[in-house]
6 protein chains.
Amino acid sequence: MLVEFGDTKVICTASVEETVPSFLKGKGQGWVTAEYGMLPRSTGTRMRREAAAGKQSGRTQEIQRLIGRSLRAVVDLVKLGERQITIDCDVIQADGGTRTASITGAWVALADAVDSLIAQGKLAENPIREAVAAVSVGIVGEEPVLDLDYIEDSGCETDMNVVMTASGRFIEVQGTAEGVPFTREEMDMLLDLAGKGIAQLVELQSAARR
Amino acid sequence: MLVEFGDTKVICTASVEETVPSFLKGKGQGWVTAEYGMLPRSTGTRMRREAAAGKQSGRTQEIQRLIGRSLRAVVDLVKLGERQITIDCDVIQADGGTRTASITGAWVALADAVDSLIAQGKLAENPIREAVAAVSVGIVGEEPVLDLDYIEDSGCETDMNVVMTASGRFIEVQGTAEGVPFTREEMDMLLDLAGKGIAQLVELQSAARR
Amino acid sequence: MLVEFGDTKVICTASVEETVPSFLKGKGQGWVTAEYGMLPRSTGTRMRREAAAGKQSGRTQEIQRLIGRSLRAVVDLVKLGERQITIDCDVIQADGGTRTASITGAWVALADAVDSLIAQGKLAENPIREAVAAVSVGIVGEEPVLDLDYIEDSGCETDMNVVMTASGRFIEVQGTAEGVPFTREEMDMLLDLAGKGIAQLVELQSAARR
Amino acid sequence: MLVEFGDTKVICTASVEETVPSFLKGKGQGWVTAEYGMLPRSTGTRMRREAAAGKQSGRTQEIQRLIGRSLRAVVDLVKLGERQITIDCDVIQADGGTRTASITGAWVALADAVDSLIAQGKLAENPIREAVAAVSVGIVGEEPVLDLDYIEDSGCETDMNVVMTASGRFIEVQGTAEGVPFTREEMDMLLDLAGKGIAQLVELQSAARR
Amino acid sequence: MLVEFGDTKVICTASVEETVPSFLKGKGQGWVTAEYGMLPRSTGTRMRREAAAGKQSGRTQEIQRLIGRSLRAVVDLVKLGERQITIDCDVIQADGGTRTASITGAWVALADAVDSLIAQGKLAENPIREAVAAVSVGIVGEEPVLDLDYIEDSGCETDMNVVMTASGRFIEVQGTAEGVPFTREEMDMLLDLAGKGIAQLVELQSAARR
Amino acid sequence: MLVEFGDTKVICTASVEETVPSFLKGKGQGWVTAEYGMLPRSTGTRMRREAAAGKQSGRTQEIQRLIGRSLRAVVDLVKLGERQITIDCDVIQADGGTRTASITGAWVALADAVDSLIAQGKLAENPIREAVAAVSVGIVGEEPVLDLDYIEDSGCETDMNVVMTASGRFIEVQGTAEGVPFTREEMDMLLDLAGKGIAQLVELQSAARR
């Protein structure tokens, strides 16, 4: 599926394998993992192709681990059975918010893949407990802002990524101040704003289901 | 730009840098090069992400060298001036013919980039001599076939990639028989058929120009 | 210097180079960065030596970026001048809390190095604005806990790393729920507890200055 | 065995293993593959040792795949049985034509290895259908030329590698024009000339059999 | 255990695994191996972290092979049984003599580990035949010198590493003259001196046993 | 040049560059270095190609450093001027003694290269002080043996490599006992025997000069 937030476009696809990584062999549970990539020209200036560089950047690894962790937090891995679902998130065009768009879209791809497994009779019960989505919030000037286009990836802003479930629980909170450190009051405002953003995304996810 | 041949979809983009690789510094000429990649799920079965594997496969390197060579054959590198144009060809969906689709689309991206340089007053004269396109032809049963969907990448067929200019000259002919070696008569039929296919593609390229 | 928190022991050293990374050349400012490592037998079970494996794990890269970012947030890089300070944090013995111990100790090593530069007349003014320290907090059962020994690195607990300045501002908040997602109330309790822990560490840092 | 064409010298050796690569396990067939290398001082100017560089160049990989493919095209892999023959082609001195000399010599090494297997009673029937050899042809000025010494590896000439069987069938045709693209008439002349060259090489191969 | 020779400090630890490397599987014997590393700031000037460089230097590999070989020379690997003991030698502070300090300390770590195995009833008989230690000797001016602090690692001196057993037999002699080659008389003096140094170290090892 | 000792065959070539490695820039002296490689089928059983493995083994690195060090010990690097001579030693066929054959042959290649520089008027004075050669000696049963064919590379023998100058001085002594450690008396016998072997090789080197 193609996820679009403003000018950011991410292709999210799910691949199901009827096997699990070796560390889970024979444990009676499944696994959900993710890989992330950006096309070299997805950004305004061409960035180096990671396959040509011979390795994934630390940022890429961090993002793909975050996506995988976020999805696993809402999946009952025992109910999934001994299979692995890999979600690939590939950024075709980047205009901020690629990691939050990836998580939000990855959940839809995962939910569709699980529906197929149920339709094929491979799964008796849905292992997904609830939806998960992600937003970036930040402080511009003195105002808290929910805005995927400008906050992430600008490198020098205060920036907080929040991964939340449909029921309003936190899976991941990553707030970073490369510039001026932020206060507890600012933090509270950011968390409130994130909660509102997540609620909107969960509605969009519902609408996007196949 | 997005190139589609049947179910094969390739994103071709051009990036211009006002510098040349070190081996060309001070030689008064430019360079045209290409990079190629496939999304892991572009094929029916998920393939391993090259960035995760830590290197580009030999096949990837071979294809990107072929694309670059094909484009340079129709460009006057001195007229291009001391700048480099990099064409990225990223396969979003693969159903055969990815290398020929990439070359055909890469030329359009290159031509558009050159038009922009002219419009910006950076180039006085168009360095592109003529169009270049590529087709795959092969032998199925005893019949020569021009068919992007089934021939390439099936691994066990006789298969010939032909890169030709709009004026009907050859830039590259790569014919391989993994199965039964082919005769001179078969070769002549394949070359005739390739010429017809190229003529059609050159018209499609014209239509696709921005 | 050797930092000890419970049974966790980390050697933190600062190295000053009178040059900056190339991306900062001629910009009139300095840089602070960090590298992190663990001896193979620092943990109960011997882990693989990263130099032998041929690369740093994603976890190692993530931690060293976090240490660097935390230190830069309290340093005026322009006042530091065109020089780079590299802090090496090497874990000799690990019993949880290695990343927070590293940040807390790294600040002391940095502050001592800056004192030397001032003593040598190389710096007129102290570029460090205030102290920075880090704690891990988590939820065990239903209780918020401030406990370096048990929380971090156990892999299956809710766990929040908080990097704060002496004046109580946040530089980094990383909260992750691999298990059950946590509520807003739990988050607030964790942040309160983290603030108390940081205040104690800042006193210990003062005492440890050379 | 040592193959010499003009001043080009290549050592071709065959190694037989009584096992097959994992992708062929239990399929009741064998495999033939090749590896290629050049001594650093085989060329006039010392080139970098690939083992020191830490990887094989794209050119090396392309050549070794071509050699393997050419040999497999004349071998009945089922008759070969579940074993692998690896042909190493190492260039001791290079004066053009290293890839065609390698293919031509590799076939002799392969044929000798198969003879040994038959002599040892490990093979009942010869799995090699016919000989295979390779030539480079090109256009110098306006003349087609069959000349191993000057054509290949000069980098800026029109150049065609042709791999053919003793019975005159094509296994591989790779024609490249980095300079002026070539016409169909030129192509026909080149293919005629290649056929004559191959016939001579097949006689030399016979004479060189152990 | 922490080994100190002058200002050189090395942490030596033993890890026991109840398995052997694959080349020894089912041969009824064990294995002893070693890994070596230096903290980046163990030397006066910070050296590059090998894990960050992505590989171990040749020097590191040479030293760890030497340590392993020295230990195996005094161990009855059959009596050790099918288990592997890995000794990690990590240099915390380097002031010359790191390789000889490592060997000398590694033996103590090994002997302690074997004692534990005996205490746990896993070994009936001690597989260590005798102690092993190592010294560096060299020629400064015209005088033979036994001095760990100045000789090794200075790069331009005549330098000889001698690994000997408690009973005065040689396991390894590595003498190198980067400067003026040395005579047979000088060699004899160096070997005499080494023997005296080893005798002292064997006493210190006894004292250091746990 | 091709060096043969028994069935061991090594190609030794010298390449002269009119530049020095960066660590010697502007120091008014030259450099001599060596690289070493083995063809995959130089041994009885095919070994893995290092370029395909993606790195040189520790053994390869150790040998090439030893060759370079041995040659530099007899060269006045200041007289050589600001140029580098690289000696490539490539083993075509290995039957023991490859490292000693390489050193012995490398010196001849170096001496020939220096002669050419003198003949071309690039060097006024010969920077080579004297010849250098290498032998392996060992103990078989209780007898000291000078025998290139059986000693080296067998892996389980006492084995000593000795690099000596024509005037009988030592550059390198590497004696290793993987089996039973050896006594001082045995060592003295081995050194005597090595001296005799070196004297013979120096005569052969003279005879082999171009």
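How much area is buried between chain C and chain A, and what percentage of it do carbon and sulfur atoms give? I began my notes with this pair of chains.

**Entry 1. Conventions**

I record that this is a predicted model, in which local features need pLDDT of at least 70, side-chain atom pairs count only at pLDDT 80 or more, and totals for chains, interfaces and linings use all residues. Residues are numbered from 1 along each chain as its sequence is written, chains are lettered from A and ligands numbered from 1 in the order in which they are written, and side-chain values use heavy atoms, with hydrogens and water left out.

**Entry 2. Chains C and A**

I looked up the buried area (the accessible area, with a 1.4 Å probe, that two parts lose on being put together, summed over both). Between chain C and chain A it is about 2700 Å², and carbon and sulfur atoms give 47% of that. For contact I took heavy atoms within 4.5 Å; 29 residues of chain C touch 29 residues of chain A in this sense.

I then searched for salt bridges (a side-chain nitrogen of Lys or Arg within 4 Å of a carboxyl oxygen of Asp or Glu). The interface of chain C and chain A has 6 salt bridges. One of them joins R184(C) to D192(A), at 2.7 Å from N to O. In another, E62(C) pairs with R65(A), and the closest N and O atoms are 2.7 Å apart. I noted that this second pair crosses between chains, running from helix α2 of chain C to helix α2 (residues 58-72) of chain A. Helices (H or I, at least four residues) and strands (E, at least two) are DSSP runs, numbered from the N terminus.

I listed the elements that give two or more residues to the side of chain C that touches chain A: α2 (58-72), β8 (170-176) and α5 (184-208) of chain C.

**Entry 3. Chains D and F**

Through which surface do the copies meet? I found that 100% of the interface residues of chain D are also interface residues in chain F, so the copies meet through the same surface. Here 23 residues of chain D are in contact with 23 residues of chain F. The buried area is about 1800 Å², with 51% from carbon and sulfur atoms.

Between chain D and chain F I counted 10 salt bridges. Among them, R49(D) pairs with D90(F), the closest N and O atoms being 3.0 Å apart. Elements β2 (8-17), β3 (31-38), α1 (50-53) and β4 (84-93) of chain D each supply at least two residues of the side that touches chain F. The largest share, 5 residues, comes from β4(D).

**Entry 4. Annotated site in chain A**

I consulted the unreviewed UniProt entry, which lists R59(A), G97(A), T98(A) and R99(A) under "binding site". They span 41 residues in sequence, yet no two of their C-alpha atoms are more than 13.7 Å apart, so they gather at one spot. UniProt positions are given in the numbering used here, feature names are shortened, and annotations may be inferred rather than shown by experiment. I located G97(A) in the loop between β4 (84-93) and α4 (98-119) of chain A.
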